[in-house]
Amino acid sequence: MADPRSRSGTTYIRESILEWMRELYVPHDEALDAAFSAPERRGFPAIQVDPLEGRFLGLLLSLAGARKVVEIGTLAGYSALHLARALPEGGRLWTLESEPEHAGAAREALRSAGMEDRVEVRVGPALENLPALETHAPFDAVFLDADKGNYDRYGRWAARFLRPGGLLLADNAFFFGRLLEKEPAAEAVRRFHREAAPLFESVCVPTPDGLFVGLRK
Ligand code: SAH
Ligand code: DHB
Ligand code: MG
């Protein structure tokens with residue numbers, strides 16, 4: 001059924017416009033360039049956030065004044081570098097990654113960027129590493145970008161350990177366009193949305209694959 005508020009069917013997103021915007025708003029220095037190109041260089045999946053999204057995540061952290069931040073899903077550290085650069089002096093980012101090779105690449109990228117004193121990369125399935133972080137709670141922001149089949153669990157963890165007013169961000173909120181399909185991971189992402197919506201002042205920004213943005217009530 002057509003939603004009368006919908007403008008869908010029209011998208012003005014064009015690769016040429018995105019390239020122009022990236023050059024203007026997210027000029028890469030050497031460190032961002034190295035982190036961004038690391039997945040392809042090393043034969044990892046190149047599924048890092050778009051530079052415009054990475055910059056947006058950093059700006060949201062700045063707006064929130066975030067000092068203690070958790071990222072779930074590091075890959076080679078590109079989004080982590082945007083997050084880390086948004087932290088104030090004394091701020092800290094814990095980023096969780098299950099693949100040791102990804103974590104190693106991220107540590108290298110973050111070290112070359114001079115961020116080693118404010119970022120900790122923890123290796124292993126996130127669900128196994130989250131409990132050890134709880135001693136640092138409450139957190140100011142949590143960014144979800146790992147296995148979508150666990151988004152419901154990650155969302156529950158975030159709701160529990162974010163401070164009131166704390167920021168929850170989640171990439172791939174449209175689950176690659178398959179959000180409404182009958183498959184376990186899609187169902188987990190839908191549960192994430194249904195549980196988070198009432199607990200957070202929140203919305204999904206219609207980036208190409210959706211970005212959940214919420215403030216813990
Ligand atoms: N946020 C990164 C991209 C993350 S891609 C960036 O924008 O630069 C998703 C990452 O999550 C992959 O590196 C994958 O290995 C990792 N991952 C998948 N399942 C995981 C789990 N259970 N725990 C922690 N990391 C996981
Ligand atoms: C995949 C994961 C992501 O986080 C993403 O933004 C794009 C693709 C993936 O697992 O294929
Ligand atoms: Mg993603």
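How many aromatic pairs does the structure hold? The structure holds 8 aromatic pairs, where rings of Phe, Tyr and Trp (its six-membered ring) pair if their centres lie within 6.5 Å. This is a predicted model, in which local features need pLDDT of at least 70 and side-chain atom pairs count only at pLDDT 80 or more, while totals for chains, interfaces and linings use all residues. Residues are numbered from 1 along each chain as its sequence is written, chains are lettered from A and ligands numbered from 1 in the order in which they are written, and side-chain values use heavy atoms, with hydrogens and water left out.

**Aromatic pair**

- Phe36 and Tyr78 pair edge-to-face, at 4.9 Å centre to centre and 80° between the planes; planes over 60 degrees apart count as edge-to-face, under 30 as stacked and the rest as tilted.
- Phe36 belongs to helix H2 (residues 30-42) and Tyr78 to helix H4, so the pair ties together parts that are 42 residues apart in sequence.

**Ligand 1**

- There are 21 residues around ligand 1 (a heavy atom within 4 Å), and Gly73, Ser79, Glu97, His102 and Asp145 come nearest.
- By class, this shell has 9 nonpolar, 7 polar and 5 charged residues; Ala, Val, Leu, Ile, Met, Phe, Trp, Tyr, Cys and Pro count as nonpolar, Asp, Glu, Lys and Arg as charged, and the others, Gly among them, as polar.
- Helix H4 (78-85) and strand E2 (92-97) each supply at least two residues of the shell; helices (H or I, at least four residues) and strands (E, at least two) are DSSP runs, numbered from the N terminus.
- A nitrogen atom of ligand 1 lies 2.8 Å from a backbone N or O atom of Gly73, and a polar side-chain atom of Asp145 is 2.8 Å from a nitrogen atom of the ligand.
- The side chain of Glu97 has an N or O atom 2.6 Å from an oxygen atom of ligand 1.
- On its own, ligand 1 has 580 Å² of accessible area (Shrake-Rupley method, 1.4 Å probe), of which the protein covers 88%.

**Ligand 2**

- Around ligand 2 are Ile47, Asp145, Lys148, Asp171, Asn172 and Phe176, which divide into 2 nonpolar, 1 polar and 3 charged.
- Oxygen atoms of ligand 2 lie 2.8 Å from a polar side-chain atom of Asp145, 2.8 Å from a side-chain N or O atom of Lys148 and 3.0 Å from one of Asp171.
- Taken alone, ligand 2 exposes 290 Å², and the protein buries 62% of that.

Note on methods. Polar contact = N/O pair within 3.5 Å; in protein donor to acceptor, adjacent residues only side chain to side chain.
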